[in-house]
Amino acid sequence: MKQRVWFADVLRIVAIIMVILIHVISKDTHRYDLGTYQWQFMNLLNGISRICVPLLFMVSGMFFLDPKKELEPKTMYTKYIWRLVRAFLFWSIIYVVMSRFRQADQPIVDEVDQTMLEIVQGYFHLWFLYRLTEVYIMTPFLRPLTRDKQLALYFLLVSFVVGILIPTINQFPVRSTATVVDNGLNVDITLGYAGYFMAGYVLNQVQLKKNWRYGIYLLGLGGFAVTIIGTAIRSMQDGVMYSLFYEYLTPNVFFAAIATFVWFKYAMEPIELSERVKKTIIHFSKYSFGIYLIHVLVRDLIWDRGLNTTFATPVLSIPIMVIFVGAVSYALIWVLMRIWKIITTKWRKVTNNKLETQ
């Protein structure tokens, strides 16, 4: 079996589970009063899971920025960026159509301009493809920096200050999950995610001594504490949900994500995985992107039918709903990928036959 960086696959799977967890929780948080144990439990899980998107950028960065990997700008556009564009357009149209069907009083084509705007903006979770595309576009400029350790660290510092620290101080006039906004491209937000991209590469390449790792773990624990406790205290003070600490481009989430990445890297180093476990990890890692794209649709359709986290205490209902949404999403993506494989295989055969007869 080809040599793989197993902790990267595991992190990708964990991050997708956390994404589903956030979206399940966010759908029902408003049902509970601030300060109740149900709300506090949701805040705990939500706060812990805020590292999901940073981890996805970090895992991508550790591979795309590796100078040992041949990666021409043309390949970035024709293979990786084009893949994101196709996925965005397909799923954005699917979500717009489904949104119209779910709102029976609204025609599928209400106003052409409004429909087109919704497609371009994308459903709320598709913002990730916007930011990832922007970082991919920057990749040819970032890769030369990785040949010089000092330059890579310098870029990481600049991206932290400009893309994470300053937006946090300004309390995110443009949210870190925004797509199309009035003032166009937000370079500071893009730079923040590019920082996670670079951090993944740097942390995978360097070998940290124990005292450095323990220092990072302490910063990570502090980051988790600020996210969870800070959100709880400020929300109860304001009487409404305070979500600043939930932003992906905040120092608290940054340090929590960095610590989690480092912990997985070194915790999994001495572990010898069986062939069965390796195949399972590869399998679910392969379907993780598709699960990300479809899981919100599954969640919304399930919620429309009255099944949500209120059927039991959140301590039980949330894990059950996360497993259910994840399992249904996986099954649907598995079927769709099988259908797509059959279609593309037949298309290749038809194309090859035509070429042979010419």
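Which residues lie nearest the centre of the second largest pocket? In this predicted model, the second largest pocket is lined by 18 residues, and those nearest its centre are Arg 86, Trp 91, Leu 336, Met 337 and Trp 340. The largest share belongs to α12, which contributes eight residues to the lining of the second largest pocket. When the lining of this pocket is divided by class, twelve residues are nonpolar, five are charged and one is polar. The volume of the second largest pocket is about 770 Å³.

The largest pocket, for its part, holds about 1,300 Å³ of space. Its lining is made up of 37 residues, among which Arg 4, Ala 8, Asp 9, Arg 12 and Phe 63 are the closest to the centre of the pocket. At least two residues of this lining are supplied by each of the helices α1 (6-28), α3 (52-64), α4 (73-102), α6 (127-142), α10 (251-268) and α11 (275-304). Of the contributions to the lining of the largest pocket, that of α11 is the largest share and amounts to seven residues. Sorted by class, the lining of the largest pocket comprises 20 nonpolar residues, eleven charged residues and six polar residues.

Key. Residues numbered from 1 in each chain as written. Predicted model: local features only at pLDDT ≥ 70, side-chain atom pairs only at ≥ 80, totals over all residues. Heavy atoms only, no water. 1 Å grid on protein atoms, 1.4 Å probe; cavity = no way out; pocket = protein on both sides within 12 Å on 5 of 7 lines; lining within 4 Å. Points joined across faces, edges and corners; volume = space filled by probe spheres on them. Helix = DSSP H or I, 4+ residues; strand = E, 2+ residues; numbered from the N terminus. Nonpolar A, V, L, I, M, F, W, Y, C, P; charged D, E, K, R; others polar.
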